[in-house]
Amino acid sequence: MKIDWAALGSVFGVSLVATVALVGLFTLGIVGLSKQEQAATQGGSATLARTGAYACFALCAAAVAFGIYLIVV
């Protein structure tokens with residue numbers, strides 16, 4: 001049995017980058033929602049924070065759907 005270490009390292013690198021990116025994107029969504037609640041308690045408008053948070057969550061869902069697509073097809 002021979003292991004292609006370059007391919008294994010490539011898969012590890014891409015997986016690491018994708019994981020960090022998805023966690024960061026989800027975190028930005030949570031921060032956006034918390035800013036929305038903070039602005040609502042102060043009497044301000046929070047449509048930009050809410051829209052940004054929903055966009056982050058939508059991108060996370062799209063990345064997960066693309067990953068499932070790659071596994072199935």
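Predicted model: local features only at pLDDT ≥ 70, side-chain atom pairs only at ≥ 80, totals over all residues.
Visitor: What does Cys60 touch, not counting residues up to four places away in sequence?
Guide: With those neighbours set aside, Cys60 touches Leu22, Leu25 and Phe26. Phe26 is 34 residues away from Cys60 in sequence, yet their C-alpha atoms are 6.7 Å apart in space.

Visitor: Let's step back, then. How many helices and strands does the chain have?
Guide: The secondary structure of the chain comes to two helices and zero strands. Helix α1 covers residues 5–41, while helix α2 covers residues 47–72.

Visitor: At what angle do the axes of those two helices cross?
Guide: The axes of α1 and α2 cross at roughly 155° and come within 8 Å. Since angles over 145 degrees count as roughly antiparallel, α1 and α2 are therefore roughly antiparallel to each other.

Visitor: Is the crossing of α1 and α2 left-handed or right-handed?
Guide: The crossing of these two helices is left-handed.

Visitor: Which residues meet where α1 and α2 come together?
Guide: On the α1 side they include Leu22, Leu25, Phe26, Ile30 and Gln36, and among those they meet in α2 are Ala49, Arg50, Phe57 and Cys60.

Visitor: You mentioned Gln36; what is Gln36 in contact with, leaving aside its neighbours within four places in sequence?
Guide: Gln36, whose place is in helix α1, is in contact with Ala46, Ala49 and Arg50 once those neighbours are left aside. Gln36 counts as buried because its relative accessible area is 18%, and the cut-off for buried is under 20%.

Visitor: What about Ile30, how does its relative accessibility count?
Guide: Ile30 is found in helix α1, and at 44% relative accessibility Ile30 counts as partly exposed, because partly exposed is the range between the buried limit of 20% and the exposed limit of 50%.

Visitor: Over in helix α2, how does Ala65 count?
Guide: Ala65, which has its place in helix α2, counts as partly exposed at 45% relative accessibility. From Ala65 to Ala40 the C-alpha distance is 32 Å, and the two are 25 residues apart in sequence.

Visitor: New topic: how much of the whole chain counts as buried?
Guide: Of the 73 residues of the chain, 11% count as buried. The accessible surface of the chain comes to about 5700 Å², and carbon and sulfur atoms account for 75% of that surface.

Visitor: What are the spans of the chain along its principal axes?
Guide: The C-alpha trace of the chain spans about 65 × 25 × 10 Å along those axes. The chain has a radius of gyration of 18 Å, whereas a compact globule of 73 residues would have one near 11 Å.

Methods
Residues numbered from 1 in each chain as written. Heavy atoms only, no water. Helix = DSSP H or I, 4+ residues; strand = E, 2+ residues; numbered from the N terminus. Rg over C-alpha atoms; globule rule 2.2 N^0.38 Å. Buried < 20%, exposed > 50% of the residue type's maximum accessible area, 1.4 Å probe, protein only. Areas by Shrake-Rupley, 256 points an atom, 1.4 Å probe, with all protein chains shown as cover. Axes fitted to C-alpha atoms, helices over the stretch in contact; angles between N-to-C directions. Parallel < 35°, antiparallel > 145°, perpendicular 65-115°, else oblique. Left-handed = near helix turned anticlockwise from the far one by under 90°. Contact = heavy atoms within 4.5 Å.
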